[in-house]
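Biologist: I would like to learn to read a model feature by feature. Please take the general idea first and then the case at hand.

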Amino acid sequence: MPRLVVLSEGLTGRTHELKAERTTIGRLEDNSFQVPDSSVSSHHCEIILRGGEVLVRDLGSTNGSFLNNERISEAVLKPSQVLRLGQVEIRLEGDTPPAAQQKRVFDHTQVVPQGIKPTELDQTVRAPVAPAFEKKSNTAARLFLIVAIVAMLAGVAYLIFTVMGVGKGGN
């Protein structure tokens, strides 16, 4: 039997089996499936079991009903698809209604694109491509290195003169 499973944090694990032909979803307690979230309208949408399909119909909700991130007024909900009501995500799980359980028969084989063969590589014309990483000028790095060496030499010279000056002054 198909069921709705809430995925959104805070309501995770809340489920509702679709037993009736018509199920209303909304924030208020008088709905068949109550979803107590402020982004869900009081009577947000209804789920209708019609033959082998699960139909979703928005009931003029404030924040809308979305399937595959597209706002809907009415759409067919298929197993494992996620329906978003306001900010609450709900997934359809389980079996589909009996009429939809018929096996799909494919009447032809789908051709899968193969890509480029190695022999076709020689025939392709390649446009010149700018290198992803161009060599940068090292002028700034060289200047920094020279200044650092000069400063270090000046420091060493200062220490030498200081030590020699202290040694001479102590005699």
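Modeller: Start with burial: Asp 58, at 16% relative accessibility, counts as buried. The class is set by relative accessible area with a 1.4 Å probe and protein chains only: buried is under 20%, exposed is over 50%, and partly exposed is in between. The model is predicted, so local features need pLDDT of at least 70 and side-chain atom pairs count only at pLDDT 80 or more, while totals for chains, interfaces and linings use all residues. Residues are numbered from 1 along each chain as its sequence is written, and side-chain values use heavy atoms, with hydrogens and water left out.

Biologist: Which residues is Asp 58 in contact with, leaving aside neighbours within four places in sequence?

Modeller: A contact means heavy atoms within 4.5 Å. On that basis Asp 58 touches His 44, Cys 45, Gly 64, Ser 65, Ile 72 and Ser 73. Ile 72 is 14 residues away along the chain, and its C-alpha atom is 7.1 Å from that of Asp 58.

Biologist: What polar contact does the side chain of Asp 58 make with another side chain?

Modeller: A polar contact is a pair of N or O atoms within 3.5 Å; within protein, one must be able to donate a hydrogen and the other to accept it, and residues adjacent in sequence count only if both atoms are side-chain atoms. The side chain of Asp 58 makes one with the side chain of Ser 65, at 2.6 Å. A polar atom of the Asp 58 side chain also lies 2.9 Å from the backbone nitrogen of Gly 60.

Biologist: Where does Asp 58 lie?

Modeller: In strand β6. Helices (H or I, at least four residues) and strands (E, at least two) are DSSP runs, numbered from the N terminus.

Biologist: How many strands are in the open sheet, and what is their order?

Modeller: Strands of a sheet pair through backbone hydrogen bonds, either parallel or antiparallel. Two strands count as paired if DSSP finds at least two bridges between them. Here five strands form an open sheet with mixed pairing, in the order β4-β3-β5-β6-β9. Its edge strands, β4 (33–34) and β9 (74–77), each pair on one side only. Strand β6 (residues 53–58) is joined to β9 by four bridges in the antiparallel sense, and Val 54 stands opposite Leu 77 of β9.

Biologist: How many salt bridges does the structure hold?

Modeller: A salt bridge is a side-chain nitrogen of Lys or Arg within 4 Å of a carboxyl oxygen of Asp or Glu. The structure holds five. One of them joins Glu 93 and Arg 3, with closest N and O atoms 3.4 Å apart. Glu 93 is in strand β11 (residues 88–93) and Arg 3 in strand β1 (residues 3–6), so this pair links distant parts of the chain, 90 residues apart. Arg 3 is partly exposed, at 32% relative accessibility.

Biologist: What salt bridge does Arg 57 form?

Modeller: The partner of Arg 57 is Glu 46, with closest N and O atoms 3.0 Å apart. Because Arg 57 lies in strand β6 and Glu 46 in strand β5, the pair ties together parts that are 11 residues apart in sequence. Arg 57 is partly exposed at 25%, whereas Glu 46 is buried at 5%. Salt bridges with shared partners join Arg 22, Glu 46, Arg 57 and Glu 74 into one network.
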